[in-house]
Amino acid sequence: MYADYLAAIVLANVLLGLAAYLPLAGGRLLVCVGALAGIGGIAAAVAHVAGTPLPLALVVGAAASAAAAWVLDLMTRKQSGFEYAITTLAAGEVIRAIVTNTDRLGGALGFSDTRQVTSLVPMWILGLLAVVCVQLFELSGARRAVAVLRESDRLAESLGVDARRMRTKLVVAAGALAGLSGAMQIHLVGIYEPRAFGFDRSMEILLYALAGGSVSYLGPVCGAAVLTVMPELLRINPATRQLGYGALLTLIMLSRPEGLATGPWSRPWLRSLVKRSLDTG
Amino acid sequence: MVSQQVLNALGIGCTYALVSLGYSLTFGTLRVVNVAYGEVFMFSAMAAVGANAVLPHPTIVVASALLTAVLLGLGVHLLAVRPLGRVSDVNAPAHLSVVVSTMGCSIVLQNTALALFGGYPRPFPHIFSSKAAVLASGLVTNFGVLVGGVLALALTAALAILLRRMPLGLEMRAIAENPTLAGLSGISVPRIELMTVAISSLLAGAGALLVGEIVGTISPFIGLQYGMKSIVIIVVGGARNPIGTVMVAFALAGAEVLAVALGFSTYRDGIAFLLLLLVGAGRSVRARRSE
């Protein structure tokens, strides 16, 4: 039973990792995946309690988050790089503030008005389907267009890619993945705390994608799986875990800015790192 | 009670302006965003409290805060910013690696402070006077607000003089404009960068002392709170525009005090983010209309 549950949580976190990965592949740091997942979770729980069958409720959750992501994209069209990251972070914090202060959305205690699930099968089918969709995208020509988009908008435009449209698609797809994950989580755990909407959780999710690497979709899948199972197995206390996450973020960026699972470790990176840090010339 | 609220807004505005000023100096000169700046600010405030517990003397308190700020600021810069290389534009995708690596540092610093000092708010040692100052017509304020206000103005002026009139400021502006060209004209770019980081960290330390003085209590969470608000203030006010920064700082404080006065006190810390979202959305709409 515990193993079933843990496996389903891993799948939910893999979806979150993929949700952070898609915009990152196009060169955008989306720092509100946690809030998007929370919207999907609450929408799915409300739908399920209202009598919708579970598979449909999961789809409702994904659709709600995709819609939220679309609105977010409309609001952030002109931003890029750092400004985009900080604006999406702001969006996540605003959503958290609204959720914390609205009792019908759970308030400060968290949303727990949900129904028990008897079978995890619908979750597995939809979750794996979503992963397969990302895999299909990965093999398509669109993936190469996104890789160019990461380098430069102008380069992508010159190759006939509509940069803005492609970005919108990536963010909406990320929203759908996050929403599905949130819908799974609220039915697995039974409660959605406001903390899960905020900055901390969104950074953890970003770490799933970055630890795995933003070059191939397998990176975030491995990253999310390892970072979910490892602390669970080692029974690490949450404060130490946060500390470790922070240190990992810095170390990964210093050693492998593209992520860990992105090819062989060729040069002696530690020596070159120290050299770059102390170079005064 | 309107004038009392205005006074409160001015006090809070001073704290935002002080923290944002140092931030805008690194942001404007180095063209990178060091997300850990807020935690450097928080850590120096905590160090002041810690030093006060051991040796309660104003000089020790001030020195420990400033020293901690400079050491940590330089440490974060050498560890997490400089090894990633120079990025010419904050909005280039390559710059994201600096954002993420300094976010990692800030998480580490915040959790270290939590482990060292605990998560509850601590009273800040008063450097000037613990007495509340009663102004004319019954307005009550903290003595720190008065000192803070004067110091905020003085530091803004000092920063403007440094940037406009002094050789170091000229070199900083040259680096901000074009680091390659600055290097070719004989400016030691890494040295000036270190100087910039040291000065902005000093401002973070001074900000920490004054925020402690004005607010009265501090906790390991103020780094995130003030850091995020400063980023919002700089992005809205303009990275290389100290006057714009200070104006937005006071505007934000005014909006927050207004929200609390209208009964939305639980939304207080969300207002900065709402402001950023609205400014971003406004820019998107305007760009769309001009297309």
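Which residues in α11(B) are buried? In this predicted model, local features need pLDDT of at least 70 and side-chain atom pairs count only at pLDDT 80 or more, while totals for chains, interfaces and linings use all residues. Residues are numbered from 1 along each chain as its sequence is written, and chains are lettered from A in the order in which they are written.

The buried residues of α11(B) are Ile271(B), Ala272(B), Phe273(B), Leu275(B), Leu276(B), Leu277(B) and Gly280(B); buried denotes 20 or more other C-beta atoms, placed from the backbone, within 10 Å of the residue's own. Helices are DSSP runs (H or I, at least four residues) numbered from the N terminus. The 20 residues of α11(B) reach 29 Å from first C-alpha to last, close to the expected 28 Å (1.5 Å times one less than the number of residues). The cover over its buried residues includes α3 and α4 of chain A as well as α9 and α10 of chain B.

Between the chains, 42 residues of chain B are in contact with 41 residues of chain A (C-beta atoms, placed from the backbone, within 7 Å). On the chain B side, α3, α4, α8, α9 and α11 each supply at least two residues, and α4(B) gives the largest share, 13 residues.

Within chain A, the axes of α6 and α8, lines fitted to C-alpha atoms over the stretch in contact, come within 11 Å and cross at roughly 110°. The two helices are therefore roughly perpendicular (65 to 115 degrees). Ala145(A), Val146(A) and Leu149(A) of α6(A) meet Ala163(A), Met166(A) and Leu170(A) of α8(A).

Note on methods:
Contact = placed C-beta atoms within 7 Å. Buried ≥ 20, exposed ≤ 12 C-beta atoms within 10 Å, placed from the backbone. Axes fitted to C-alpha atoms, helices over the stretch in contact; angles between N-to-C directions. Parallel < 35°, antiparallel > 145°, perpendicular 65-115°, else oblique.
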